[in-house]
Amino acid sequence: MPPERRRIATEAEAAALASGIRLRIIRLTYAEALTNKELAERLGRDPATTLHHVRRLVETGFLAAQPPRRGARGAKEIPYLSTGLSWTLDSCGDKDVEQAVLEAYLAEIAETGFEGVHQSRLVVQVAPEERAELETRLNALLEEFRARPRRPGAERTAIYLATYPST
């Protein structure tokens, strides 16, 4: 299956993605709708601060409010679910977005304590056109797995992939 065509992020979308916390919120709500309170607890943040980020993600189309539900004390809660929009955008090397991606990755790894983390590091020598092919094929593989139907009981696996010049 060919990879989904990405479009260039708008200025508002790129600004919304230029936050490690917002990227983590998108990841946390990928397969499970969470309320602002639940997100704040998982992120170890103040609910008011988290709500600011949630609202920004809703405004820019990265999160969608789900039907309200009743919380433990009977209060109305609104869960949010990722729309998957972030995967369809190209930030065109926006340095703030790239920094946020790294920040989110490092925070998530620190949170796991490296339990279950498998890392690989490799330097390859490729011509410029081969590097483009390598990146295209890696993205196609990621897209293939992303597009697979969700299966109950399947383990969520996060992937961080970076290519960069090695001096």
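User: Before we start, what makes a helix crossing left-handed or right-handed?
Analyst: Look at the near helix against the far one. Turned anticlockwise by less than a right angle, the crossing is left-handed; clockwise, it is right-handed. Bear in mind that this model is predicted.

User: OK. Which is it for α2 and α5, left-handed or right-handed?
Analyst: Right-handed.

User: At what angle do they cross, and how close do the axes come?
Analyst: Roughly 60 degrees, with the axes coming within 8 Å. Helix α2 covers residues 20-28 and helix α5 covers 95-112.

User: Which residues make the contact?
Analyst: From α2, G20, I21, L23, R24 and R27. From α5, A100, V101, E103, A104, A107, E108 and E111.

User: How do those divide into nonpolar, polar and charged?
Analyst: Six are nonpolar, one is polar and five are charged.

User: Switching to S19. Where is it?
Analyst: S19 sits in the loop between α1, residues 11-17, and α2.

User: Buried or exposed?
Analyst: Buried. S19 has 11% relative accessibility, and the cut-off for buried is under 20%.

User: What does S19 touch, leaving out residues up to four places away in sequence?
Analyst: H53 and A100. A100 is also one of the α5 residues in the contact with α2.

User: Now L106. Which helix is it in?
Analyst: L106 belongs to α5.

User: How far is L106 from A64?
Analyst: They are 42 residues apart in sequence. In space, the C-alpha to C-alpha distance is 26 Å.

Definitions and conventions:
Residues are numbered from 1 along each chain as its sequence is written. This is a predicted model: local features need pLDDT of at least 70, side-chain atom pairs count only at pLDDT 80 or more; totals for chains, interfaces and linings use all residues. Side-chain values use heavy atoms; hydrogens and water are left out. Axes are lines fitted to C-alpha atoms, for helices over the stretch in contact, and angles run from 0 to 180 degrees between N-to-C directions. Helices (H or I, at least four residues) and strands (E, at least two) are DSSP runs, numbered from the N terminus. Contact means heavy atoms within 4.5 Å. Ala, Val, Leu, Ile, Met, Phe, Trp, Tyr, Cys and Pro count as nonpolar, Asp, Glu, Lys and Arg as charged, and the others, Gly among them, as polar. Buried means under 20% relative accessible area, exposed over 50%, partly exposed in between (1.4 Å probe, protein chains only).
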